[in-house]
Amino acid sequence: MLPCINWLQPLLALISSALLTRANNCPSSCLCPDHHTVDCTGQGLTRVPDSIPLDVRRLLLSNNWIPWIPSDFLVLYSDLVYLDLRNNTLSQLEPGTLTTSSRLVFLDLGSNNLTEIPSGTFGESRSLIKLRLGNNPYLTMVDRDAFTGLTSLRELELERNGLTELDVSVLESLPSLRVLRLEGNPWLCNCQFAKLFVWLTENRHKLPKGMEGIECSLPLDGRQVPLSLLSEESFRECRGTLTLTDYLIVIFSGISVSVAAIMASFFLASTVHCFQRLSKGSKGDEEEGND
């Protein structure tokens, strides 16, 4: 019996030491239920806590008062795959904050105060599968290149924000998209919305609540109607509408044609002038020969 006890003592000491080390690495006011999880949910935090274990994989920071994330935050936590920042006071994302999250699979930024998703926000986060950006009432702008590089993204939530329009190229850049939530936004049924409407019609199977779950306001009386009651014919007046890009193309094309016409006219005039001089010279030679 004694040999068994002697053998177990160092093993128990090793286990106790490992548990103590893990507890010491856990930030104060947070829980660490396992070696790769840090749970700081609902602790009234006003910033991201210090001393988070570098090998953390699941970081739960929801229901706090965190207003910003350090731009180098994810550089330190290269193993992080699950990040929950739901229901904080984030108003913007520092450039480059999420560009190094190469292993991140799940990201929840819902129920914050975000106002814009600028170009390149997520960099080359090719592992990201689910992105939650819903319930940001001040979010009115999503740049056309905001999600470029998210080639594995399957679920995108943009519901109940302040979006009135969305460039369709934002969605066209997501080849793996399977689920899209856009309901609860104050969409405007104008010509800027027409291309998005066509895309949604062709991809209605990706909308959990279907076309009837999304409403837009009519331009004349502001009345909200479900997209299921509209058709491409509803936007027929937009077919002859030129975008800013179209206008620029027309302007530059006109300038190019004008320059080409001027150069051609100059070349033609020069050629005619040369022929006239040669013709006069030939006639003068003939008259001198007759004399």
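These notebook entries record what I looked up about salt bridges in a predicted model.

**Ground rules.** I worked with a predicted model in which local features need pLDDT of at least 70 and side-chain atom pairs count only at pLDDT 80 or more, while totals for chains, interfaces and linings use all residues. Residues are numbered from 1 along each chain as its sequence is written, and side-chain values use heavy atoms, with hydrogens and water left out.

**Entry: whole structure.** I searched for salt bridges (a side-chain nitrogen of Lys or Arg within 4 Å of a carboxyl oxygen of Asp or Glu), and the search of the whole structure returned eleven.

**Entry: Asp-79 and Arg-103.** I found these two in a salt bridge, with the closest N and O atoms 2.8 Å apart. The partners are 24 residues apart, Asp-79 in the loop between α2 (73–76) and β3 (82–84) and Arg-103 in the loop between β3 and β4 (106–108); helices (H or I, at least four residues) and strands (E, at least two) are DSSP runs, numbered from the N terminus. I noted Asp-79 as partly exposed at 23% relative accessibility and Arg-103 as partly exposed at 49%, where buried means under 20% relative accessible area, exposed over 50%, and partly exposed in between (1.4 Å probe, protein chains only).

**Entry: Arg-132 and Asp-108.** I recorded a salt bridge here with 3.4 Å between the closest N and O atoms, joining strand β6 (residues 130–132) to strand β4. Arg-132 is partly exposed at 26%, whereas Asp-108 is buried at 2%.

**Entry: Arg-181 and Glu-159.** I listed this salt bridge at 3.9 Å, N to O, and both residues are buried.

**Entry: network.** I traced salt bridges with shared partners, which join Asp-84, Arg-86, Asp-108, Arg-132 and Glu-157 into one network.
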